[in-house]
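Please open the model in your viewer and keep a selection panel at hand.

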Amino acid sequence: MSGEPEKATKKQKTCLQVATNVTEQKHNVSREVRGQNLGLCRGFRGCTVWLTGLSGAGKTSIAFELEAYLVSKGIPAYGLDGDNIRTGLNKNLGFSQVDREENIRRVAEVAKLFADSGVVSICSFVSPFAEDREMARKIHKDADLKFFEIYIDTPLEVCETRDTKGLYKKARQGVIQGFTGVTQAYEAPDAPDLRVSTEGMTVRESTLKLIKLLESEAIIPKFLKEDEPLPELFVADSLKTALEAEAKTLPALALTEVELQWLQILAEGWAYPLKGFMREQEYLQALHFNCLLNEDETLRVNQSVPIVLSATEADKQRLEGVSALALQYGGRTVAVLRKPEFYYQRKEERCARQFGTSNRAHPYIKMIYESGDYLVGGEIEALERIQWNDGLDAYRLTPNELRQRFREIKADAVFAFQLRNPIHNGHALLMSDCRRQLLERGYKNPVLLLHPLGGWTKDDDVPLPVRMAQHQAVLDSGVLDRDHTVLAIFPSPMMYAGPTEVQWHAKARMNAGANHYIVGRDPAGMPHPDKDLYPDGNLYDGTHGARVLKMAPGLDSIEVMGVGGNAHFFFFNTTPLSLQQILPFRVAAYDKSCSQMAFFDPARKQDFDFISGTRMRTLARNGENPPNGFMEPKAWQILAEYYQSLQKPQ
């Protein structure tokens, strides 16, 4: 085994004094209580995963990868490694058969205690003898704890080629005696709970097999895997004709354009695991906790904004009690909603909790107050993909289409950047620098998801067609690397809900396959309708979006490092199987000394010009050009033509 010394230690004494005046003491805390209160994932999950196999088979690598995965999901887990145990608990044991047996017995007893405390105990030991492994299983069985024997079935010749510690070489030279696989037999399991071959597989691929085993045994909830399609809410092609016929017989409820956009969000899987417009139970969870419980109520999933459908008093009286509704837009049925549940919409409560204000001058709050007094929730079946026929549908890639695109271009990291404004060269600098940092950290092909928000926005924001034309011009000019950029539309409406909405933006991009996220200052905010209420005149603090994202429930795989100072953009790494970071970016400003956007240098602050959005809009309206190097000329022309068109008589 990997921890076998060059020379066996002196044989241990086999006759030990055994205590006889011992009585097992019962804990005041039951396993059920532990499961409800320990970890982020409710339920008792204590068990032992026992990895056995030759030295160099990959046991420790898989064990620690599994440990990292479970901990990132809020499930208590701990890896007990053979070498580590022999440096502490079992450092007085050698490698005689008697000592090997005692080594396994002690480890099994420790693992049992970990498992009894609710921890997934992951043991990686050569454990060459079937009898010893059966003893470990029996220790757990007697304690009514699950035990999984995992055989890491890597051929001896492969293990020898991996000989990072040089143990096989020493064993072949006779320096190490009794080395398993060379001069000591290894008794392979006849019927392990799982057989894993690491030959030709990555550590992550091998670990995924263990994860699926634990899911099938109900030890952990089922999590969406990177290689699995995101569940969508479209009816199957074979059932579409029948659903269309059924819809014609159902009472109908009309959708607004914004509600149709939310239907698109639901149907395409952006809000997974939601299966429809929120019922009251889901609405309360989102409104008060910014997250949802999964189906078996063991896991919290981030969902910071309510996704709801409104109905009037007349709608409720007409439709309450029906088994299904036809949802229509423009007189055309787009989906069927099953088992509708009507509940009263306390608009002030919703607005105060979601937005931090109920000021009716806020544009989205205004829509809420103008909507029906009731909300109706239920699972949906969408008849077909929603098309807007505005010349931009080719940009509206679903989460599954984006995932597929990233696989096709072999992206090993995807960093998402959202704007609801035009791109200037400072933004491009930040995006390019993000890619540089990822390359320096060892990624081979990091890809930018340039993902402007494409749903409803307030009237004074630049319209989507103008923004997309401007974005495409930036891409075509080469300011951004076309080979490593995917330009697509995020179809969500904009709510201007500050840090609450920032969580939604990050969660939706993670569903689409992004594992890094860049968020700027006040990315989902706006000026306060009462501009004199706060000193800066804004509804939300500019830094709170990034700071809240660091702490958000249900986004616990995100860790923030070094946020603060002059950073205006923050880079979030959300990869679940590795350590995560969020890296602060410096402020980008126009450097007059070289006529280009650059990172601000306080030592020569006189060289920098901070060009505000207000100043940019004024230049565009007046037909003036910004300083050379501020924005790609063709992109500026598109923006200038839009602002000048606003001043022409309609």
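A residue is called buried under 20% relative accessible area, exposed over 50% and partly exposed in between, with a 1.4 Å probe and protein chains only. The model is predicted, so local features need pLDDT of at least 70 and side-chain atom pairs count only at pLDDT 80 or more, while totals for chains, interfaces and linings use all residues. Residues are numbered from 1 along each chain as its sequence is written, and side-chain values use heavy atoms, with hydrogens and water left out.

Begin with the aromatic rings, of which the whole structure holds 17 pairs; rings of Phe, Tyr and Trp (its six-membered ring) pair if their centres lie within 6.5 Å, and planes under 30 degrees apart are stacked, over 60 edge-to-face and the rest tilted. Select Tyr78 and Phe114, a tilted pair with 5.5 Å centre to centre and 35° between the planes. This pair links distant parts of the chain, since Tyr78 lies in strand β2 (residues 77–81) and Phe114, 36 residues apart from it, in helix α4 (residues 97–116); helices (H or I, at least four residues) and strands (E, at least two) are DSSP runs numbered from the N terminus. Tyr78 counts as partly exposed because its relative accessibility is 42%, and Phe114 is partly exposed as well, at 25%.

Next select Phe490 and Trp504, a tilted pair with 6.1 Å centre to centre and 40° between the planes. Phe490 is in the loop between β16 (485–487) and α18 (498–511), and Trp504 is in helix α18. Both Phe490 and Trp504 are buried, and together with Trp262 and Trp270 they form one aromatic cluster.

For the last stop, select Glu215 in helix α8 (residues 203–216). Is Glu215 buried or exposed? Glu215 counts as buried because its relative accessibility is 9%. Leaving aside neighbours within four places in sequence, Glu215 is in contact (heavy atoms within 4.5 Å) with Tyr69, Ile220, Pro221, Lys222, Phe223 and Lys225.
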